[in-house]
Amino acid sequence: MTTLPITSPASSRTGVPVAQSGRWRAGLSQTVRAEGTKLVSLRSTRWTLLVTAAGTFLVTFLATHGALHHNAQWYQGFDPTNQSLAGLAIGSLALGVLGILAICGDYGTGTIRSSLGAMPRRGVLLRAKVLVVGLATLVIGETLSFISFFEGQAVLHGGAPTAALGQPGVLRAVALSGAFLALFALLGLGIGTVIRHTAGAIAVFAGVTFLVPILFDSISHGIARFAPELIFANSIAAVHRQGNAVSVTIGVMLMVAYCAVALGLGAVLLNRRDA
């Protein structure tokens, strides 16, 4: 007996039967588009970005304005690039919160069930969120970093040493600072995936990034230098490495490892727990 191929609806338009190879299901690219649309459409995203930009540029202005009109001795060892990027500390916290909201918002509103209904493969859903959050915050982070640098240099020009992108190490510090902000967002995404509750995840993220360095510093300066925020401030955003700070390479590797651990644990728990 001869079997005929199953034809798709397109065959009625073209007149040529088209064989269907099997049931279609959504993949990573479709999930990335869906997660991107969701992230952009959320009101919390817009407010977070507004607060991030306003806070970053305000702190940058205050930090650089406070460095004006000192004597020559005060400027010994002064790092104009690091001073201009001081406002990115606000950006690291705010973009971390954005990463948390990208997953905890689903649990808070119950849309995680519809997300898992559309994409039952939980690993694919989490990878899509990583791609969307990572790429979006990379663009945002680089924008904030370069604008903060130029803003800071404009303020410092009024009576303090300045820096230029063409000077050794300056472009590296500015560009890598923007990328580091994206790592903070991914760390927040990982913590949010583990905890699933917005308030709790934000508390843990703030503790890891701001409180842990203070506690470690009270115990030992050698331990504190491995905290994410101190890596950012003393190694990544600095042209001249400060004190016993870790090298830029080790700092990046440590932050990537922190994100990998948080996201890896989140992936395991996402697969084991109910929505």
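Reader: Read along the sequence, which pattern does the protein follow?

Author: In this predicted model, the secondary structure comes to 12 helices and 0 strands. Read from one end of the sequence to the other, the pattern is therefore written with helix symbols, given that helices and strands are the runs numbered from the N terminus. The protein follows α-α-α-α-α-α-α-α-α-α-α-α.

Reader: Among contacts in the protein between residues at least 6 apart in sequence, what percentage join residues at least 24 apart?

Author: The protein has 275 residues, of which 41% count as buried, and its accessible surface comes to about 14,100 Å², with 67% of that surface belonging to carbon and sulfur atoms. For the contacts between residues at least 6 apart in sequence, the share that joins residues at least 24 apart is 75%.

Reader: At what angle do helix α7 and helix α8 pack?

Author: Two packed helices are described by the angle between their axes and the distance between the axes. Helix α7 covers residues 122–156 and helix α8 covers residues 170–195, and their axes are 8 Å apart. The contact of α7 with α8 has 17 nonpolar, 7 polar and 2 charged residues, and α7 passes α8 in a right-handed crossing. The angle at which α7 and α8 pack is about 145 degrees.

Reader: Why do the buried residues of α6 line one face of the helix?

Author: The buried residues of helix α6, which spans residues 111–118, are Ile112, Ser115 and Leu116. An α-helix has 3.6 residues a turn, so residues three or four places apart point the same way. On the other side of α6, Arg113, Gly117 and Ala118 are exposed, whereas the buried residues pack against α2 (28–41), α5 (88–109) and α7. The buried residues line one face of α6 because, seen down the helix axis, they fall within an arc of 95 degrees.

Reader: Is arginine 196 buried, partly exposed or exposed?

Author: Arginine 196 lies in the loop between α8 and α9 (198–219), and its phi is near 75 degrees, a positive value in a residue other than glycine. Its relative accessible area is 22%, and the term buried is kept for values under 20% and exposed for values over 50%. Arginine 196 is therefore partly exposed.

Reader: How many Å apart in space are threonine 143 and alanine 53, C-alpha to C-alpha?

Author: Threonine 143 has its place in helix α7 and is partly exposed, with a relative accessible area of 40%. In sequence, threonine 143 and alanine 53 are 90 residues apart. In space, their C-alpha to C-alpha distance is 9.7 Å.

Note on methods. Residues numbered from 1 in each chain as written. Predicted model: local features only at pLDDT ≥ 70, side-chain atom pairs only at ≥ 80, totals over all residues. Heavy atoms only, no water. Axes fitted to C-alpha atoms, helices over the stretch in contact; angles between N-to-C directions. Helix = DSSP H or I, 4+ residues; strand = E, 2+ residues; numbered from the N terminus. Left-handed = near helix turned anticlockwise from the far one by under 90°. Nonpolar A, V, L, I, M, F, W, Y, C, P; charged D, E, K, R; others polar. Buried < 20%, exposed > 50% of the residue type's maximum accessible area, 1.4 Å probe, protein only. Contact = heavy atoms within 4.5 Å. Areas by Shrake-Rupley, 256 points an atom, 1.4 Å probe, with all protein chains shown as cover. Arc of directions from axis to C-beta.
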